[in-house]
Amino acid sequence: TGGIAIPLLLERLGAEVVPLYCEPNGQFPHNPEPLKEHLSDICAKVVEVKADLGVVVDPDVDRLAIIDERGTFFGEEYTLVAVADYLLSLNGGGNTVSNLSSTRALRDVTERHGGTYTAAAVGEVNVVTKMKETGALIGGEGNGGVIYPESHYGRDALVGIALFLSNLAHKGCKVSELRATYPNYFIAKNRIDLTPSTDVDAILERVKELYKDEQVNDIDGVKIDFADKWVHLRKSNTEPIIRVYSEAATMEDADAIGKKLMQVVYDMSK
């Protein structure tokens with residue numbers, strides 16, 4: 001449906017549109033998840049046609065990814081950050097919410113505008129519940145999901161596109177220049193494979209105790225916030241695995257702290 005709705009929206013907003021893979025026939029030329037590794041075609045097309053930006057959505061149009069004018073991936077984590085920055089600047093501050101596995105950049109931008117950031121458990125319904133509790137101006141998930149209550153309480157790429165373009169128009173800058181105004185973080189994603197007999201809950205409790213001197217959030221697994229990085233351990237409800245998300249100022253550091261916690265868990269499971 002994005003193949004129908006997105007070009008129409010962009011044209012109504014006054015943009016010149018070069019469609020790519022917009023025929024809604026269910027045939028996807030690449031994996032339709034809007035991640036960097038799947039988007040080489042549109043990155044090349046942006047450069048080829050000298051576009052100001054590229055717009056990518058998933059099949060049900062609730063995730064939004066942006067490509068800058070150089071054909072570089074803006075970062076799905078930064079869609080929500082950019083939109084929040086725009087709304088917070090217009091509103092003179094306000095509250096934001098994202099899930100525990102989303103970038104710290106949203107917290108940084110929110111506090112820069114004098115607002116309060118709150119983390120929710122993973123899952124759109126959990127983010128929405130926390131947004132209602134805190135009266136959040138904007139919220140969502142780091143996978144490119146924007147939730148704007150003034151429109152409705154659900155992830156919506158159409159809303160995200162309109163807000164993102166408004167941010168660009170008001171700032172009068174290029175997409176790459178906008179991205180450079182935000183804190184630079186990198187997220188590494190790993191997993192720990194355990195045996196079916198492993199007591200995952202007991203291990204997470206021990207991890208929490210081990211890192212009790214750090215800032216720990218246990219509303220959904222265990223997230224440990226260090227001064228300059230974080231690690232989120234979250235068990236699967238269907239498999240004997242723990243998903244490990246970690247973020248730092250470089251991908252190497254993010255992967256290193258994630259691997260460190262993975263080794264801690266492996267040692268505990270022996």
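**Exercise 1.** Which residues does Leucine 87 touch, not counting residues up to four places away in sequence?

*Solution.* The model is a predicted one. With residues up to four places away in sequence left out, Leucine 87 touches Leu137, Ile138, Tyr148 and Leu163.

**Exercise 2.** Describe the largest nonpolar core and the elements that supply it.

*Solution.* Step one: the largest nonpolar core has 36 residues. Phe74, Leu87, Ile138, Phe164 and Tyr182 have the most contacts inside this core. Step two: at least two residues of this core come from each of α1 (2-12), β2 (64-67), α3 (77-91), α4 (105-112), β4 (117-120), α6 (157-171) and α7 (175-179). Step three: α3 gives the largest share, nine residues. Step four: a second, separate core has 20 residues, including Leu194, Val222, Leu233 and Leu261.

**Exercise 3.** Determine how helices α8 and α9 are oriented to each other, and describe their contact.

*Solution.* Step one: the axes of α8 (residues 200-210) and α9 (residues 251-269) come within 10 Å and cross at roughly 125°. Step two: angles of 65 to 115 degrees count as roughly perpendicular and those over 145 as roughly antiparallel, so α8 and α9 are oblique to each other. Step three: the crossing in which α8 passes α9 is right-handed. Step four: from α8, Ile203, Arg206, Val207 and Leu210 meet Leu261, Val264, Val265, Met268 and Ser269 of α9. By class, this contact has seven nonpolar residues, one polar and one charged. Leu261, on the α9 side of the contact, is also one of the residues of the second core.

Definitions and conventions: Residues are numbered from 1 along each chain as its sequence is written. This is a predicted model: local features need pLDDT of at least 70, side-chain atom pairs count only at pLDDT 80 or more; totals for chains, interfaces and linings use all residues. Side-chain values use heavy atoms; hydrogens and water are left out. Axes are lines fitted to C-alpha atoms, for helices over the stretch in contact, and angles run from 0 to 180 degrees between N-to-C directions. Helices (H or I, at least four residues) and strands (E, at least two) are DSSP runs, numbered from the N terminus. Angles under 35 degrees count as roughly parallel, over 145 as roughly antiparallel, 65 to 115 as roughly perpendicular and the rest as oblique. A crossing is left-handed if the near helix is turned anticlockwise from the far one by less than a right angle, and right-handed if clockwise. Contact means heavy atoms within 4.5 Å. Ala, Val, Leu, Ile, Met, Phe, Trp, Tyr, Cys and Pro count as nonpolar, Asp, Glu, Lys and Arg as charged, and the others, Gly among them, as polar. A nonpolar core is a set of buried Ala, Val, Leu, Ile, Met, Phe, Trp, Tyr and Cys residues joined through side-chain atoms within 4.5 Å. Buried means under 20% relative accessible area, exposed over 50%, partly exposed in between (1.4 Å probe, protein chains only).
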